[in-house]
Amino acid sequence: MKTIRLYLHYVSINVRCIMQYKTSFLLSAIGQFLVSFNVFLGVFFMFQRFSKVEGFTYSEVLLCFSVVLLEFALAEMIARGFDTFSGMVKSGEFDRVLVRPQNEILQVLGSKFELTRIGRILQAVVMFAYGIVKSNVVWSVSKVCTLLFMLIGGTVVFTALFFIYAALCFFTLDGLEFMNVFTDGARELGKYPLSIYGKKMLLFTTFVIPYALIQYYPLLYILGRQTSIVYMVLPLAACWFFIPALLLWKYGVRCYQSSGS
Amino acid sequence: MIAMEHVCKSYKIAKRNAGFVEACKALFHREYEVIHALNDVSFTIHDGEMVGYIGPNGAGKSSTIKILSGILTPDSGTVLVDGHVPYKNRIDHVREIGVVFGQRSQLWWDVPVIDSFELLKDIYSISDACYRQSLEELTELLNLSELLRSPARQLSLGQRMRCEIAASLLHRPRILFLDEPTIGLDAVSKLAVRDFILRQNQTHKTTVILTTHDMQDIESLTSRILLIGKGQILMDGSLDDIKSGNESIDATIAELYRTYHI
Amino acid sequence: MKKYLSFFHLRFAMGLQYRTAALAGIITQFAWGGIQIMMFHAFYRTDAAAFPMSLSATASYVWLQQAFLAFFAVWMIENDIFDAIVNGNIAYELCRPVSIYSMWFARSIATRLANAILRCFPVLIVAAFIPQSYGIDAPASPVHFLLFVLSLLLGLAVTVTFCLLIYVLTFFTISPQGLRIMFTSCVEFFSGAVIPLPFFPDKMRSFMELLPFASMQNAALRIYSASMCADEIRRAILLQVFWLVVITAAGKLLCRFAEKRIIVQGG
């Protein structure tokens, strides 16, 4: 309870800081919106030419894309401190974290709350609404639950990736851009249901990095193509991915304390 | 009480050479250099002492501070601070210490200083009564009443340093580490900061460990000096011990560095 | 001329230093290219008749785009230049006996060349070994290849002058950040970085091809695998030259205005 209160305190101070620069905040938010709007336009114009892709219609693709975008933006908003962790290590700011009597993860999470991602979230919500109206999904309690599970699972998986990135910063600060393959890359892949990329990709995203568990399988359930309850709870199962990420982070902190760089 | 015994710490640093060909080589093969930051360092500091920790850049000052504040784990040796091993029981240990890094800020840049203090109150779980009392006292002694409502970015360096010090003392630590607290300050702020530290030590019996390049800090604050060079404690004594005749303190220290070839 | 060459040399050497970053970039570009191509394949499998280019030409387009990303990505700005303008340090540069515009031009070209040279070969070589319709094809003919190189360099010049235009425009706006965001997303979309121009509806495409954005990457990448006929190639290259001249002229003119303004206002 105390932890949550402290976290909210962090969030509130972050928001107050951002609001000191309202124009800049607004522009960044618009920028976030435009970047993902471009991606959306890409999908839109592809469907001007093609009516379907591997059995999925435009509105179904939008549904899937918007959920992934929403998950990604949420994770970015919450775990931005981990996403920009290299700066914290470089500036020595992490030393400050270590001389305070609170959990390191909480402090790093609190160090940055990226409200500008609201632009992306807005974009995702609009797309999602459009997708819902246009697709013929018959909504039920279980489907709404599935959606909720997708949001939780997806945010957890993306956050875990940011954790891994941050943990690697303890070992090297060089060339970590490659982690974008997994974060931005996943968002890029997630535009379309993962099955369109072929069997191998589906296997990889099922068993190695569980993107498919938060995107493809629950989508099938929502679209009514699968009715088994397993498809509904798979997004929650994807949370397993957080465990190795957490262990790596803990190991990284230990190494930092022994190397100090 | 702070006790360090036979503490060693070394780092591996990747070598970098200039030139394109060298750079290409480094892509495949890296050479490492081992740097012994601390080489068998031992000392004891008693409660309520004020100690000046001096030495040239890269001598091992900040490694020592990092070990004592629980940021860094030593390779070997034992460290005890008030009965805690700093790097083993980090959270319990850091509750009792305050750290001021002179070159870095812990205040949130864009919000009033008081907001940063309130967050610290929650971070250190300080009770309302304690917080109010500490804040009142610090505000009066450091003359902060005018500053608390303005954002940190609008403060001068001297004003900010006063706030930084207050931020590190809100939770009433028993030990205070000051890493170059007067760097870049104007004369008035320097005197104010020194005066406050002295007072803090006298009234609360706070143990103070001070690293600095400013010898006037040492002269006016500390009774004991630890000189470190090339990872070893070279001298442990009082200012009077090393002062010969009526040389200035800077000349004395320069002489000292020359004697030890550091 | 010599001083600009030495600016060029300096920047080029600096760019080559970031090797690990380049390696990471290469990996990212492989992944990106792979994702794009797999996506195009999926659409092709669904409805081959609606596909506007050949599949292998599309794959070549994607790989070239990844290999020469550093040439055409407008979001890779020269932070030094941008910061100098925003915080006013530009005043110092004005004291030097060089034309700011030419110096910036030399410097931006050098940075982009250095970045691209580090990154393009690994991407191209590996892409060449990827099986047909997933990897990159040989150029349609030697003539096409030469025209491709010409158009590539022209495209680089257009991109750089366009970036300079953005920098110079920041003198005249209250919000440099906003300007940058707007321009970057426009360029991304209209230049064919999001999806290649042929995938747009025909009417829209023929309009987009006239815009300066199409003179950046679109021309070169489509000439390579002969997705344009001879007439179209001629027109595309002429348009590139045209836009290069126009944008440079506009940039230089604005730069002169800006310089005057700085001198008048005293920084």
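1. Basis. This is a predicted model, in which local features need pLDDT of at least 70, side-chain atom pairs count only at pLDDT 80 or more, and totals for chains, interfaces and linings use all residues. Residues are numbered from 1 along each chain as its sequence is written, chains are lettered from A and ligands numbered from 1 in the order in which they are written, and side-chain values use heavy atoms, with hydrogens and water left out.

2. Extent of the A–B contact. Chain B gives 32 residues to the contact and chain A gives 32 residues; contact means heavy atoms within 4.5 Å. The size of an interface is often given as the accessible area lost when the parts come together. Here the buried area is about 3,000 Å², and carbon and sulfur atoms give 52% of that area. Buried area is the accessible area (1.4 Å probe) that two parts lose on being put together, summed over both. On the chain B side, Arg90(B), Trp108(B) and Ile123(B) lose the most area to chain A. Together they account for 22% of what that side buries.

3. Polar links across the contact. Five salt bridges are counted between chain B and chain A. A salt bridge is a side-chain nitrogen of Lys or Arg within 4 Å of a carboxyl oxygen of Asp or Glu. There are also 19 residue pairs in polar contact between chain B and chain A, both residues at pLDDT 80 or more. A polar contact is a pair of N or O atoms within 3.5 Å; within protein, one must be able to donate a hydrogen and the other to accept it, and residues adjacent in sequence count only if both atoms are side-chain atoms.

4. What chain B presents to chain A. The elements that give two or more residues to this side are β1 (2-14), α3 (90-94), β5 (97-101) and α4 (113-123) of chain B. Helices (H or I, at least four residues) and strands (E, at least two) are DSSP runs, numbered from the N terminus. The largest share, seven residues, comes from α4(B). By class, the side has 13 nonpolar, seven polar and 12 charged residues. Ala, Val, Leu, Ile, Met, Phe, Trp, Tyr, Cys and Pro count as nonpolar, Asp, Glu, Lys and Arg as charged, and the others, Gly among them, as polar.

5. One bridge between chains. Asp95(A) and Lys66(B) meet in a salt bridge, at 3.5 Å from N to O. Asp95(A) lies in helix α6 (residues 93-98) of chain A and Lys66(B) in helix α2 (residues 61-68) of chain B, so the pair joins two chains. Asp95(A) is buried, at 2% relative accessible area. Lys66(B) also counts as buried, at 19%. Buried means under 20% relative accessible area, exposed over 50%, partly exposed in between (1.4 Å probe, protein chains only).

6. Bridges within chains. Over all chains, the structure holds 33 salt bridges. In one of them, Arg80(A) pairs with Glu114(A), with the closest N and O atoms 3.5 Å apart. Arg80(A) lies in helix α4 (residues 80-83) and Glu114(A) in the loop between α7 (104-111) and α8 (118-134) of chain A, so the pair ties together parts that are 34 residues apart in sequence. Arg80(A) and Glu114(A) are buried. In chain C, Arg107(C) and Glu78(C) form a salt bridge at 3.4 Å, N to O. Arg107(C) is buried at 9% relative accessibility, and Glu78(C) is buried with a relative accessible area of 9%.

7. Cysteines. The structure holds zero disulfides over all chains; a disulfide is a pair of cysteine sulfur atoms within 2.5 Å. For Cys64(A), the nearest cysteine sulfur is that of Cys239(A), 18 Å away. Cys64(A) is buried, at 1% relative accessibility. The sulfur of Cys255(A) is 13 Å from the closest cysteine sulfur, in Cys169(A), too far for a bond.

8. Two residues of chain B. Leu227(B) sits in strand β8 (residues 224-229) and is buried, at 0% relative accessible area. Beyond residues up to four places away in sequence, its contacts include Ile54(B), Leu256(B) and Tyr260(B). Glu49(B) lies in the loop between β2 (32-45) and β3 (50-54) of chain B. The side chain of Glu49(B) reaches the backbone nitrogen of His46(B) at 2.7 Å.
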